[in-house]
Amino acid sequence: MSGAGRVGAAGAPILTFEGVVKRYGQLEALRGVSCQVNRGEVVCLIGPSGSGKSTLLRCANALETLEGGRITFDGADVHAAGADARRVRQRMGMVFQNFELFPHLTVLRNVTIGPRTVLGLDRAAADERARALLAKVGLSDKAGQHPAALSGGQQQRVAIARALAMEPALMLFDEPTSALDPETIGEVLSVMKALADEGMTMVVVTHEMDFAKRVADWVVVFDQGRVIEQGPPKQIFEAATVQRTREFLSHLGWHGESIAEVAASE
Amino acid sequence: MTFHWSVIWEHADRFVAGAMLTIELTVLTMLLSLPAGLILAFLRLSRWRLIRIAATAFVELFRSTPLILQIYWVYYVLPVFADIRLPGLATALIGLVCNISSYNSETFRAGIVSIRRGQWNAGLALGMTRGQAMWRIVLPQAAMRVLPALATTWVSLFKDTSLVSVIHVEDLSYVSLKIRTETFVILEVLTAMAAMYWFMGYPQAKLVDWVHRRFKVAE
């Protein structure tokens, strides 16, 4: 159902959420969320702060436990008893809002630490892989620096390289540009765009509606722990059927065609 | 009033031997208390409640009673209870290590919990085990952060080793007080003892000040 109406190069499902429930004490962060990510797709999760988007990402790679529902990655239940969470995480790269680079390591070591400790790559192979990735995100000259010496945008590009170094099958982005200065947002988004163009499967929690509209194959709208609407970006941004979606978009100053009147009337 | 400073020179070799033992005790105690403190900190962060309680009880016992009592206790009570009779130096070491590792464990624990959740998550998200995330990511950062506190404990420890003199361990304090009793030259001997402690302690205190400046928490 959630995959209905998808067009383009969408492949087989790789990550599926079925009725996912997550509670923190009394607070119900996710109240039965269902959606699906197909191989090669970019899926953007949008919605107000606290609506459960980031929580869903952390459930996807088992950084959080579930209270209900099911998450399937590559055919296997991520949260089943005896499921190998580490194996899942190795194949799902994650990029955090606050970068979370390791401040005690150089940029190069930040990128090599995953392959070295988890995949058991030797130093030379890990270094070679890391240098290629740093070149790819445009930061070859920063390899020997510590993260503190880098701008926010540069740190986030290193974080992307760090995640890619594990050669994941899928990348999770948790509000990757929300902590950035406006002038450095673009450099991170363009790295992400290039990644999407290469065919990387990506799940992106974002408030960058322009990015969602241009890059996403599928957009999922969250509100208060529920998916209130999902569809291709053209539908969400130009012909949202749910009132709350239109309100959210107009609140962000999005002047899509169908919500122009709403925005103008404010 | 005449002074008898010559007494100091006559007993110089004993003073030096005492000072060496003081240094030895300080270094050995810290070398043992760093890993012991780390292990205690891990136990206090254990997921099993019983282990947490046992470790906490140990730490709170040794933090909340006087060191001199602990040293006496190991010296007099342990042999009775456990039928263990150790040489004085070993006894002193046990008392000091129990005490200092308790303080170190609190220091390490504070350092570990001060590392934000996101750093753990970043390690785990790469596929690391909890152990790998602890050793490769959390602990190196925590250690840098608590270095100033450990350095402060070190300087206190250096001075507190003087308490082992009560169980006849021949450190600088014991030797000085013994020479005083033998010679009745009180002012000179106590002054020499103070000077020796100061000349050894002051550079350490300065080094600690430097460590505090150098390793100020910076994100």
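Q: What are the axes of two helices, and between which directions do their angles run?
A: Axes are lines fitted to C-alpha atoms, for helices over the stretch in contact, and the angles run from 0 to 180 degrees between N-to-C directions. This is a predicted model. In chain A, the axes of α3 (residues 107-119) and α4 (residues 123-136) come within 9 Å and cross at roughly 135°.

Q: Why are α3(A) and α4(A) called oblique to each other?
A: Angles over 145 degrees count as roughly antiparallel, and 65 to 115 as roughly perpendicular. The crossing angle is roughly 135°, and α3(A) and α4(A) are therefore oblique to each other. The crossing of α3(A) and α4(A) is right-handed.

Q: Which residues make the contact of α3(A) and α4(A)?
A: From α3(A) come Val107(A), Leu108(A), Arg109(A), Val111(A), Thr112(A), Pro115(A), Arg116(A) and Leu119(A). From α4(A) come Arg123(A), Ala126(A), Asp127(A), Arg129(A), Ala130(A), Arg131(A) and Leu134(A). By class, this contact of α3(A) with α4(A) has eight nonpolar, six charged and one polar residue.

Q: How is the pair α2(B) and α8(B) oriented, roughly parallel or roughly antiparallel?
A: The axes of α2 (residues 12-44) and α8 (residues 172-183), both of chain B, come within 7 Å and cross at roughly 155°. The cut-off for roughly antiparallel is over 145 degrees, so α2(B) is roughly antiparallel to α8(B).

Q: Which residues make that contact of α2(B) and α8(B)?
A: An α-helix has 3.6 residues a turn, so residues three or four places apart point the same way. Here α2(B) contributes Arg14(B), Phe15(B), Gly18(B), Ala19(B) and Thr22(B). The residues of α8(B) are Leu172(B), Val175(B), Ser176(B), Lys178(B), Ile179(B) and Glu182(B). By class, the contact of α2(B) with α8(B) has five nonpolar, three polar and three charged residues.

Q: How many disulfides does the structure hold?
A: A disulfide is a covalent bond between the sulfur atoms of two cysteines. Over all chains, the structure holds zero disulfides. Cys35(A) is in none, and the nearest cysteine sulfur, that of Cys59(A), is 11 Å away.

Q: Are Cys35(A) and Cys59(A) buried or exposed?
A: Buried means under 20% relative accessible area. Cys35(A) has 2% relative accessibility, so Cys35(A) is buried. Cys59(A) is at 0%, so Cys59(A) is buried.

Q: Which residues of α9(A) are buried, and what follows the helix?
A: In α9 of chain A (residues 243-251), Thr245(A), Phe248(A), Leu249(A) and Ser250(A) are buried. Gly253(A) follows α9(A) and has a positive phi, near 80°.

Notes
Residues numbered from 1 in each chain as written. Chains lettered and ligands numbered in written order. Predicted model: local features only at pLDDT ≥ 70, side-chain atom pairs only at ≥ 80, totals over all residues. Heavy atoms only, no water. Disulfide = S-S within 2.5 Å. Buried < 20%, exposed > 50% of the residue type's maximum accessible area, 1.4 Å probe, protein only. Helix = DSSP H or I, 4+ residues; strand = E, 2+ residues; numbered from the N terminus. Parallel < 35°, antiparallel > 145°, perpendicular 65-115°, else oblique. Left-handed = near helix turned anticlockwise from the far one by under 90°. Contact = heavy atoms within 4.5 Å. Nonpolar A, V, L, I, M, F, W, Y, C, P; charged D, E, K, R; others polar.
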